[in-house]
Structure formats: structure tokens, C-alpha cells
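Here is a brief report on a single model. Please look over the sequence and the structure first.

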Amino acid sequence: QGIVDFNLVNPRDFAQNKHKSVDDRPYGGGPGMVLMVEPVVRCVEAVRALGNEPGHLVMLTPQGRRLDQAAVEKAKTAPTQCPNCGGAITKPVLRGMDTLTCDFCGNVIRL
């Protein structure tokens, strides 16, 4: 039906070490692994450069809220342009956010 378009990107393509690894040990030790910031940031910036509008960034984590239909509907209706000045809103909608502030005019937009 063409309602949703997915673009899958491998963060390992943006790693700069010999083994193209994107995971690291947690700061302060302990069990488990965490993602390195640098490859993830480069990956997100490259994906955002592909589009002609900011779109919505969704980063999934084990600690985050479950991605259900209600969360998708809230993200889908979040504005990508400020209704006051027309400036692009590039900040991601994060869990628990109920407002966005425009960087250009300072307008507060309620989600």
C-alpha cells in the first residue's frame, strides 16, 4: 500500500575501527555491553541527510517504553515544522515529552 517506507542502515558501516565494532564495555565496569556514541551519531546524521524533511527519530532501548500503537500515533502527529514561524523542528520526541520548543522563535508546541 506504500503507507510506510523503511530504510535499514547498519551502524557498523559508520564504525572507524578495524573490526567495525559498535559495542563497548559499560563505563565503570559491570556486565553487559553498550553502544558507542560516535558510530551511532554518524549513522543518524547520515540517515537524516538522506531525507528532505526532519522526520522522526526512534531509538529503541531495553529500558524504554514499549513501542505500541499509541506511541506510534503520538510520534506520527508530532510536528516537523513550527506553526508560528515555519522553522524545522529537528529535535526527537523522547519518552515523557509533552512539549517541543522551536529553536528559531521559542514557540512552545504541546504534543
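## Helix H1 and its packing

This model is predicted. Start with helix H1, whose buried residues pack against strand S2 (34-35). Four residues of H1 are buried: Pro39, Val40, Cys43 and Val44. Viewed down the helix axis, the buried residues of H1 fall within an arc of 130°, so they line one face of the helix. Buried here means under 20% relative accessible area.

What does the other side carry? The face of H1 turned away from its buried side holds Val37, Glu45 and Ala49, which are exposed. Exposed means over 50% relative accessible area.

## Helix geometry

H1 covers residues 37-50, a run of 14 residues. At 1.5 Å a residue, the helix should span 20 Å.

## Chain layout

How many helices and strands does the protein chain have? There are two helices and four strands. From the N terminus on, the order is β-β-α-α-β-β.

## Burial, contacts and surface

The protein chain has 111 residues, and buried ones make up 15% of them. The accessible surface of the chain comes to about 9,000 Å². Carbon and sulfur atoms account for 54% of that surface.

Contacts were also sorted by sequence separation. Among those between residues at least 6 apart in the protein chain, 30% join residues at least 24 apart.

Key: Residues numbered from 1 in each chain as written. Predicted model: local features only at pLDDT ≥ 70, side-chain atom pairs only at ≥ 80, totals over all residues. Heavy atoms only, no water. Expected span 1.5 Å × (residues − 1). Buried < 20%, exposed > 50% of the residue type's maximum accessible area, 1.4 Å probe, protein only. Arc of directions from axis to C-beta. Contact = heavy atoms within 4.5 Å. Areas by Shrake-Rupley, 256 points an atom, 1.4 Å probe, with all protein chains shown as cover.
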